[in-house]
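Hi there,

Here is the structure I promised to pass on. Have a look at it first, and my notes follow below.

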Amino acid sequence: MKRAGEMKALFDVLATGDPAWDLALALDPARLPAHVAVIMDGNGRWARQRGLPRVAGHKSGIDPVRIIVETCAQIGIQALTLYAFSTENWKRPQTEVDTLWQLLRLYLKRELPRLQNNNIRLGALGRWQELSPAVRQDLEATMADTASNTGLGLNLAINYSGRTDIVDAMNRIVARARLAGQLDTLEVSEAALGAALSTSGLPDPDLLIRTSGEMRISNFLLWQIAYAELYVTDTLWPDFDRVHLLRALLDFQKRDRRFGAVSSAAHPASADETDAVGAGVLTRK
Ligand code: FPP
């Protein structure tokens with residue numbers, strides 16, 4: 001049972017009878033993922049199924065972006081990272097690449113009031129400084145305009161790849177050590193590398209959602225998803241809506257997260273391990 005005020009912002013926008021209502025009621029607000037990451041895939045196939053050009057799929061991918069961003073904010077999730085453009089996506093036809101930049105700029109301009117109303121702070125991950133001045137300026141302006149918001153942190157991974165993120169982090173660490181004259185004695189820890197990544201300050205994703213059924217990570221947040229729960233749905237991104245997101249969150253809440261240790265249910269602190277093994281119960285993985 002939810003306490004008064006929990007996820008109120010979500011229930012405020014749901015009409016009774018909305019298929020999302022019962023799913024939202026079933027969610028445990030105390031066990032939400034702090035950080036959700038999404039590989040938005042399937043725009044091209046969505047368009048092809050309708051005999052449309054690929055860019056029509058990307059255009060239809062904007063509404064789900066708005067719905068998922070706002071729903072995460074209304075639920076009270078701390079961080080959402082969307083894979084908007086990978087460093088490999090430059091290999092696509094120029095017209096498709098141009099359309100993706102136009103759509104990003106359109107999204108930033110059109111959605112600013114809604115980002116503000118929902119107390120959402122925009123951030124960017126990846127080599128976004130290498131983008132064209134127009135795209136960079138729009139991004140910087142929206143990040144500055146939303147910088148003091150305290151709700152959901154929305155991160156757009158743009159010109160991003162997990163490998164370049166790790167390489168850039170290492171180069172930053174090496175450059176700092178060189179400047180300090182400490183290159184000879186440099187030793188890199190997990191904590192130092194994590195802090196030098198573009199996700200510095202964010203919790204690691206607890207849940208990684210991928211649409212369109214592909215069982216791949218596609219060079220996304222390679223370091224950060226070490227212990228993320230994976231959720232792959234056949235739904236194509238333009239069809240992914242609030243109900244799909246809530247289903248993914250409910251599925252996440254059923255997972256037994258062990259982080260390499262043993263399940264607390266299978267191995268309660270007070271259990272007599274000798275008895276458990278004697279009874280044929282496997283408690284260690
Ligand atoms: C992958 O589908 C999708 C992308 C490379 C781009 C994602 C962009 C959007 C959802 C629209 C704009 C986004 C923002 C944040 C405003 P695909 O083209 O690889 O699909 P396919 O595998 O079916 O060909």
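**Helix packing and the ligand shell**

Helix 2 (residues 19–26) and helix 10 (residues 242–254) have axes that come within 9 Å and cross at roughly 20°. That makes helix 2 roughly parallel to helix 10, a term for angles under 35 degrees. Axes here are lines fitted to C-alpha atoms, for helices over the stretch in contact, with angles running from 0 to 180 degrees between N-to-C directions. Helices are DSSP runs (H or I, at least four residues) and strands are too (E, at least two), numbered from the N terminus.

This is a predicted model: local features need pLDDT of at least 70, side-chain atom pairs count only at pLDDT 80 or more, and totals for chains, interfaces and linings use all residues. Residues are numbered from 1 along each chain as its sequence is written.

Helix 5 and helix 6 pack at about 40°, with axes 11 Å apart. On helix 5, I62, V65, R66 and E70 meet L103, Y107, E111 and R114 of helix 6 (in contact means C-beta atoms, placed from the backbone, within 7 Å).

Now the ligand: among the 20 residues around it, N43, G44, R45, G61 and Y107 come nearest (a residue is near if its C-beta atom, placed from the backbone, lies within 6 Å). Helix 6 gives the largest share of this shell, four residues.

Best wishes

How values were computed: Parallel < 35°, antiparallel > 145°, perpendicular 65-115°, else oblique. Contact = placed C-beta atoms within 7 Å.
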